[in-house]
Amino acid sequence: MSVNPDAVDAGFFDQLRKHYSEEEIVELGAFIGFNLGYHTFFGSLKFYPLFSPDGRLVSQAESERLYGAAPTSLRPEAAK
Amino acid sequence: MTHIAPLPREAITDPELRALMAEGEALGVPDDLFPRIIARAPEQAAPLMRALLMSHARGNVDHTLKEIMRILLARFAKDKYFAGLRSTKARDMGLTEMRIDEGCFKYEDDSKGFSEAEKCALRYADLMFLDASQLDKTFYDEMKKHWSEAQIMELGAFIAFHYGMQMFMRSLGAVSRTTSIPAGEPI
């Protein structure tokens, strides 16, 4: 839906129906749309997780160092 | 024909969803297709409709500006459903198709008369999914000259939510049946 929306066609939905009910497909589609929008918005606000991977409360500066300048999903290697 | 068939209207019995559907139809955005599709996921339907209507038609930012931003985003998303819908409230406030097109394609042109605040908000919608890297500290500092932090959050959440639902409806192959756009006008 995000990187190649044209690929989400009738054939794709036929494949989805083999595994999910129509209720579940609508739930997934709305969930993906919601996250697609909000992750981009939140990414533009430059805020980072409050806790480090080992559970420590950290500052935003330290969190940025820990988690990187861009979300993992937006890094080039994630697209490979 | 959408990839997921909408429920018949009479199959929707949740009074809250029925009221929200009526509110959407009165506004013109959305018509009954969106709620009849999301009604297939009953737990999701009313909250999604409520968020869609609230973010568009309420709040502390001019509704006609949000309507232009909504259409700009739908056109960018190549979503024929939401791009084809028009807010009757915005139309009654004086918004025309010509002004919508100017807001979508020529808002930076000083001769079109958009204020600096409006230009900033339209740029926000334009850049969010075109190149979010440009929404940096400098951009937000410029936004803050024209909009309160509450208004910036209202605009950002509006952009994020509507674009997400537009991509969802595009994926379903949805097309508006109730468009009020004159024939020949761009969708």
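Start by selecting helix α4 of chain B, where B:Thr64, B:Leu65, B:Lys66, B:Glu67, B:Ile68, B:Met69, B:Arg70, B:Ile71, B:Leu72, B:Leu73, B:Ala74 and B:Ala77 are buried, a residue being buried if 20 or more other C-beta atoms lie within 10 Å of its own, exposed if 12 or fewer, and partly exposed in between, with C-beta atoms placed from the backbone. Helices (H or I, at least four residues) and strands (E, at least two) are DSSP runs, numbered from the N terminus.

Before going on, note that this is a predicted model, in which local features need pLDDT of at least 70 and side-chain atom pairs count only at pLDDT 80 or more, while totals for chains, interfaces and linings use all residues. Residues are numbered from 1 along each chain as its sequence is written, and chains are lettered from A and ligands numbered from 1 in the order in which they are written.

**Around α4 of chain B**

Stay with α4(B), residues 63-77: twelve of its 15 residues are buried, so the helix is largely enclosed by the rest of the structure. To see what covers these buried residues, display α3 (42-57), α5 (80-83), α6 (88-92), α7 (97-105), α8 (116-128) and α10 (149-171) of chain B, which are included in the cover; contact here requires that the C-beta atoms of two residues, placed from the backbone, lie within 7 Å.

**Two lysines with positive phi**

Now step to B:Lys78, which follows α4(B) and lies in the loop between α4 and α5 of chain B. Its phi is positive, about 55°, although B:Lys78 is not a glycine, and with 13 C-beta neighbours inside 10 Å it counts as partly exposed.

Then select A:Lys46, in the loop between α2 and α3 (60-67) of chain A. A:Lys46 has a positive phi near 55° and is a residue other than glycine; it is partly exposed, with 13 other C-beta atoms within 10 Å.

**A cis peptide bond**

Return to chain B and centre on B:Pro30, in the loop between α1 (15-27) and α2 (33-38). The peptide bond that leads from B:Val29 to B:Pro30 is cis, with omega near 0°.

**The nonpolar core and the contact between chains**

Next pick B:Ile38 and B:Ile159, which touch the most other members of the 58 residues in the largest nonpolar core, a set of buried Ala, Val, Leu, Ile, Met, Phe, Trp, Tyr and Cys residues joined through C-beta atoms within 7 Å. The element that gives the most to this core is α10(B), with ten residues. Leaving aside residues up to four places away in sequence, B:Ile38 touches A:Val26, A:Ala30, B:Gln44, B:Ala45 and B:Leu48.

Follow those partners across to chain A: the contact between the chains takes 21 residues from chain A and 24 residues from chain B. On the side of chain A, α2(A) gives the most, with 16 residues.

**Chain B as a whole**

Finally, zoom out to chain B, which has ten helices and zero strands. Its radius of gyration, taken over C-alpha atoms, is 16 Å, close to the 16 Å that the globule rule (2.2 Å times the number of residues to the power 0.38) gives for 187 residues, so chain B is as compact as a globular protein of that length. The C-alpha trace of chain B spans about 50 × 35 × 30 Å along its principal axes, and 43% of its 187 residues count as buried.
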